[in-house]
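User: I have a structure to go through before our meeting. Could you take me through it?
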Protein chains: 2
Amino acid sequence: MSTEAKVPISDAPSQVASPEGSAKSVERILLVAYELFSRRGIRDVGVNELIERSGVAKATFYRHFPSKDSLVLAFLEQRDKLWTVEAIVSQARRQGQTPVERLLAIFDVLGEWFRRDDFEGSTFIQVLLEMGPSHPLGQASINYLAKLRGHVQALAEEAGLVDPAGFARSWQILMKGSIISATGGDLDAGKRARQMAGWLIEHHKA
Amino acid sequence: MSTEAKVPISDAPSQVASPEGSAKSVERILLVAYELFSRRGIRDVGVNELIERSGVAKATFYRHFPSKDSLVLAFLEQRDKLWTVEAIVSQARRQGQTPVERLLAIFDVLGEWFRRDDFEGSTFIQVLLEMGPSHPLGQASINYLAKLRGHVQALAEEAGLVDPAGFARSWQILMKGSIISATGGDLDAGKRARQMAGWLIEHHKA
DNA sequence: AGCGGGAAAGACCGGTCTGTCTCCCCCTGC
DNA sequence: GCAGGGGGAGACAGACCGGTCTTTCCCGCT
């Protein structure tokens with residue numbers, strides 16, 4: 001219970017600008033956390049398992065992350081970058097030629113993702129339901145879901161659709177619903193959502 | 001750990017001595033469990049809190065329910081009866097005159113539910129994501145969601161829609177998606193889903 | 001060669017979890 | 001009156017939780 005000597009970790013509060021060997025521990029922790037958290041959720045993975053699987057001492061873990069929640073925050077940020085942006089949005093942008101095609105390609109990408117054997121559901125939705133909308137981690141999940149909605153809205157604006165904000169909200173209802181249905185076993189959820197998404201686009205054309 | 005789904009709820013005939021005293025305990029436990037589970041999920045509510053809030057001894061709890069999971073199963077069954085059937089399906093059936101109106105009324109009821117201050121999200125989705133689709137409780141949630149889909153399919157058949165099974169699956173995507181969006185704060189999710197539901201109906205008319 | 005710091009290992013802390021068991025009271029049926 | 005059982009209160013077990021701290025070792029720097 002020493003109240004003094006709080007080691008200032010001002011050298012590497014963020015993830016970028018890694019000085020040297022210490023970054024390897026952080027990277028290993030984040031890698032394991034990504035694996036376990038995205039597959040099994042937050043509450044089901046304890047700190048002891050995390051440090052064991054990443055071959056890191058507990059003190060090392062807490063030197064880099066002041067709490068489990070802060071690791072979860074870093075994980076959510078990584079998930080947004082690797083999954084939302086790279087795996088979904090950028091992939092859909094590459095697959096379509098026109099803005100409308102790029103929008104619809106989102107559900108093609110989702111549909112393929114549903115069929116992967118390592119399909120694990122949506123992290124942000126799961127954390128939101130696990131922790132509740134008032135918990136900081138639930139709030140963070142809501143923010144990342146809003147960020148994803150921003151990508152959809154940008155695509156809608158490129159397509160010249162009317163009311164792109166409302167369009168994006170309806171669009172996200174289809175995304176969330178198809179993800180939940182896929183989690184429940186409906187592998188055709190992507191196809192069904194894509195069909196409804198087409199109607200949504202039609203009704204938002206000028 | 002017994003997989004026997006014996007849920008002694010409101011079954012008067014086979015109960016031996018003291019039909020009132022024991023039933024009162026079970027009912028009190030179920031009442032508290034319904035409150036706490038539907039508001040905060042399964043993993044966030046422990047047995048100690050359940051017995052304390054229901055004024056019941058721990059031994060009494062475990063005399064009636066062999067495990068916490070068996071109580072959760074009883075809770076899910078109650079939730080299906082009270083929420084799915086009475087609060088949603090029957091209510092929607094009462095509000096609409098024609099089968100199509102009764103279908104669309106589902107999203108009116110949902111929309112009102114989203115705006116209630118005690119809106120707590122969908123229990124079945126939450127349990128499914130909390131426990132995972134392979135866990136017995138996740139499986140039970142999937143079954144109850146399929147049961148709800150059956151109600152929608154029945155309404156679609158009454159409306160004479162084509163492919164009522166596929167219709168019900170698409171419909172449920174809208175329901176799940178709007179519930180998740182409402183959990184994230186979008187109070188207009190019911191309205192948006194209802195609009196898309198109307199297009200879905202149009203495309204399933206003969 | 002000697003020093004300092006990062007990291008590993010893990011004991012330890014208070015608390016929580018599900019589930020078992022004991023003790024005692026009180027109510028009911030005979 | 002009296003036995004018996006249900007129920008309340010709660011100690012207890014064993015595991016696990018997040019988080020702190022000590023000890024030891026190793027590696028690089030001067």
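User: Which residues have the most contacts inside the largest nonpolar core?
Analyst: This is a predicted model. Its largest nonpolar core has 131 residues, and A:W171 and B:W171 are those with the most contacts inside it.

User: What is B:W171 in contact with, leaving aside its neighbours within four places in sequence?
Analyst: With those neighbours set aside, B:W171 is in contact with B:L103, B:L104, B:I106, B:F107, B:V152, B:A197, B:L200 and B:I201.

User: How do the axes of helix α8 and helix α9 of chain B cross?
Analyst: In chain B, the axes of α8 (residues 164–183) and α9 (residues 189–202) come within 9 Å and cross at roughly 170 degrees. An angle over 145 degrees counts as roughly antiparallel, so α8(B) is roughly antiparallel to α9(B). The crossing in which α8(B) passes α9(B) is right-handed.

User: And which residues make that contact?
Analyst: From α8(B), the contact is made by B:F167, B:S170, B:W171, B:L174, B:S178, B:S181 and B:A182. From α9(B), B:A189, B:A193, B:M196, B:A197, B:L200 and B:I201 take part.

User: Why do the copies meet through the same surface?
Analyst: Because 100% of the interface residues of chain A are also interface residues in chain B.

Terms used. Residues numbered from 1 in each chain as written. Chains lettered and ligands numbered in written order. Predicted model: local features only at pLDDT ≥ 70, side-chain atom pairs only at ≥ 80, totals over all residues. Heavy atoms only, no water. Contact = heavy atoms within 4.5 Å. Core = buried A, V, L, I, M, F, W, Y, C linked by side-chain atoms within 4.5 Å. Buried < 20%, exposed > 50% of the residue type's maximum accessible area, 1.4 Å probe, protein only. Axes fitted to C-alpha atoms, helices over the stretch in contact; angles between N-to-C directions. Helix = DSSP H or I, 4+ residues; strand = E, 2+ residues; numbered from the N terminus. Parallel < 35°, antiparallel > 145°, perpendicular 65-115°, else oblique. Left-handed = near helix turned anticlockwise from the far one by under 90°.
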